[in-house]
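Load the model in your viewer and keep the selection tool ready. The tour below goes stop by stop.

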Amino acid sequence: VQLQASGGGLVQAGGSLRVSCIASGRTFSTYAMGWFRQAPGKEREFVAAISSLGRTTYYADSVKGRFTISRDNAKNTVYLQMNSLKPEDTAVYYCAGDRILRVNNYAYDYWGQGTLVTVSS
């Protein structure tokens, strides 16, 4: 499975942005997906995860209520809708996929290349 993230950019604090991750292959619907982020000088951190059929989602406390993870298996795509963005949300956002739904766990088998989200104050 190859993953390609896109949709990052510059947004003002309080604004919204949606990043996407498209996967290659025909088995996307069998993979749980996650979003992680890494800010400059910091470790990569878990943001959100979604089960293979989209029935279960998990969020980091720092984004709960502001971010929404979703997926469209017909389009092989997972999304992260980010609202009420804060400067501390600035990071490179990575999508990841695995057969197992992993929460706050880096052990995903497949990773995208990342897309930069910058939130200005």
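Start with Asn 76. Its relative accessible area is 16%, so Asn 76 is buried (buried means under 20% relative accessible area, exposed over 50%, partly exposed in between, with a 1.4 Å probe and protein chains only). Asn 76 sits in the loop between E7 and E8. Helices (H or I, at least four residues) and strands (E, at least two) are DSSP runs, numbered from the N terminus. Check the backbone of Asn 76: phi is near 55 degrees, a positive value in a residue other than glycine. Most residues other than glycine have a negative phi.

Before moving on, two notes on the model. It is predicted: local features need pLDDT of at least 70, side-chain atom pairs count only at pLDDT 80 or more, and totals for chains, interfaces and linings use all residues. Residues are numbered from 1 along each chain as its sequence is written, and side-chain values use heavy atoms, with hydrogens and water left out.

Select Asn 104. Here too phi is positive, about 55 degrees, and the residue is not a glycine. Asn 104 belongs to the loop between E9 and strand E10 (110–111). Is Asn 104 buried or exposed? Asn 104 counts as exposed, at 60% relative accessibility.

**The open sheet**

Go back to the strands on either side of Asn 76, E7 and E8. Strand E8 covers residues 77–82 and pairs with E7 in the antiparallel sense, over six bridges. Two strands pair if DSSP finds at least two bridges between them. Select Asp 72 and look across: its bridge partner in E8 is Thr 77.

Now show the whole sheet. It is open, has four strands in the order E1-E3-E8-E7, and its pairing is antiparallel. Strand E1 (3–6) and strand E7 (67–72) are the edges, and each pairs on one side only. From one strand to the next, the twist averages 15 degrees (axes are lines fitted to C-alpha atoms, for helices over the stretch in contact, and angles run from 0 to 180 degrees between N-to-C directions).

**The disulfide**

Show the cysteine sulfurs. How many disulfides does the structure hold? The structure holds one, where a disulfide is a pair of cysteine sulfur atoms within 2.5 Å. Select Cys 21 and Cys 95: the S to S distance is 2.0 Å. Cys 21 lies in strand E3 (residues 17–23) and Cys 95 in strand E9 (residues 91–98), so the pair ties together parts that are 74 residues apart in sequence. The torsion about the S-S bond is about 60 degrees, so this disulfide is right-handed. Both Cys 21 and Cys 95 are buried.

Tyr 93 stands opposite Thr 115 in E11.

Next, select strand E2 (residues 9–12). E2 and E11 pair in the parallel sense over four bridges. Val 11 has Val 119 as its bridge partner in E11.

Thr 115, Val 117 and Val 119 point to one face and are buried.

**Salt bridges**

Finish with the charged side chains. The count comes to five salt bridges, each a side-chain nitrogen of Lys or Arg within 4 Å of a carboxyl oxygen of Asp or Glu.

Select Asp 61 and Lys 64. Their closest N and O atoms are 3.1 Å apart in a salt bridge. Asp 61 is exposed, with a relative accessible area of 66%.

Select Glu 45 and Arg 37. This salt bridge has its closest N and O atoms 2.6 Å apart. Glu 45 counts as partly exposed, at 35% relative accessibility. Arg 37 counts as buried, at 5%.

Now take Arg 66 and Asp 89, a salt bridge of 2.7 Å, N to O. Arg 66 lies in the loop between strand E6 (57–59) and E7, and Asp 89 in the loop between E8 and E9, so the pair ties together parts that are 23 residues apart in sequence. Arg 66 is buried, with a relative accessible area of 11%. Asp 89 counts as buried as well, at 1% relative accessibility.
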